[in-house]
Structure formats: structure tokens, C-alpha cells
Amino acid sequence: ELRPLLAVDFVASLPKELAERIFSYLPVKSLCHVAQCNRLWRERSNHNAIWYGSVLNVLHVFKHAVNS
């Protein structure tokens with residue numbers, strides 16, 4: 001049955017660095033949702049490097065929108 005497999009917290013079974021790397025590909029809105037799941041997911045998604053990259057992407061998009 002598939003249901004027990006869906007209940008597995010894959011983030012808990014991954015090394016910290018790998019979970020952070022996966023979260024770094026998420027857009028800001030999804031990253032905010034991830035941070036609300038549970039304590040571990042919040043800790044992994046609140047890594048400074050993840051948010052730094054996300055903020056740079058948002059600023060880049062904003063800069064192009066202003067200059068267009």
C-alpha cells in the first residue's frame with residue numbers, strides 16, 4: 001500500500017546539507033510554506049545561504065521589471 005510510504009519524512013532521513021540544497025531550488029513562497037511544516041523543516045529551510053540566493057533572485061527580477 002502507498003499510504004505508509006507517503007507518511008515518511010524524507011527530510012529527516014537526508015543529510016542536512018542535501019535537504020538544504022533541495023530547499024534552495026524552491027521559490028520564496030514555497031520556501032515559506034516549507035518552513036511551516038514542522039520544526040526540522042523550518043530549521044533546514046531557514047539556512048542563510050538558501051534565503052540569500054532567494055533574495056538575490058527576487059532582486060534580480062525586480063531590477064529587470066523596474067528597468068523595462
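Author: Contact here means heavy atoms within 4.5 Å. Helices (H or I, at least four residues) are DSSP runs, numbered from the N terminus. The model is predicted: local features need pLDDT of at least 70, side-chain atom pairs count only at pLDDT 80 or more, and totals for chains, interfaces and linings use all residues. Residues are numbered from 1 along each chain as its sequence is written, and side-chain values use heavy atoms, with hydrogens and water left out.

Reader: Which residues of α4 meet which in α6?

Author: Val-28, Leu-31 and Cys-32 are the α4 side. They meet Ile-50, Trp-51, Ser-54 and Val-58 of α6.

Reader: How many of those are nonpolar, polar or charged?

Author: Six are nonpolar, one is polar and none is charged. Ala, Val, Leu, Ile, Met, Phe, Trp, Tyr, Cys and Pro count as nonpolar, Asp, Glu, Lys and Arg as charged, and the others, Gly among them, as polar.

Reader: At what angle do the axes of α4 and α6 cross?

Author: Roughly 150°, and the axes come within 10 Å. Axes are lines fitted to C-alpha atoms over the stretch in contact, with angles from 0 to 180 degrees between N-to-C directions. The two helices, α4 (residues 28-35) and α6 (residues 48-67), are therefore roughly antiparallel (over 145 degrees).

Reader: New topic. How many aromatic pairs are there?

Author: Two, from a search of the whole structure. Rings of Phe, Tyr and Trp (its six-membered ring) pair if their centres lie within 6.5 Å; planes under 30 degrees apart are stacked, over 60 edge-to-face, the rest tilted. Phe-10 and Trp-41 have ring centres 5.4 Å apart and planes at 75°, so that pair is edge-to-face.

Reader: Where do Phe-10 and Trp-41 lie?

Author: Phe-10 is in α2 (residues 10-13) and Trp-41 in α5 (residues 39-45), so the pair ties together parts 31 residues apart in sequence.

Reader: And what about Phe-23 and Trp-41?

Author: Tilted: 5.7 Å centre to centre, 50° between the planes. Phe-23 sits in α3 (residues 16-23), so this pair links parts 18 residues apart in sequence. Phe-10, Phe-23 and Trp-41 form one aromatic cluster.

Reader: Is Phe-23 buried or exposed?

Author: Buried (under 20% relative accessible area, 1.4 Å probe, protein chains only), at 3%. Trp-41 is buried too, at 14%. Phe-10 is partly exposed, at 40%; that class lies between buried and exposed (over 50%).

Reader: Where is confidence lowest and highest?

Author: Lowest in α1 (residues 3-6), mean 72, and highest in α5, at 93. That is pLDDT, the predictor's confidence in each residue, from 0 to 100.

Conventions:
Angles under 35 degrees count as roughly parallel, over 145 as roughly antiparallel, 65 to 115 as roughly perpendicular and the rest as oblique.
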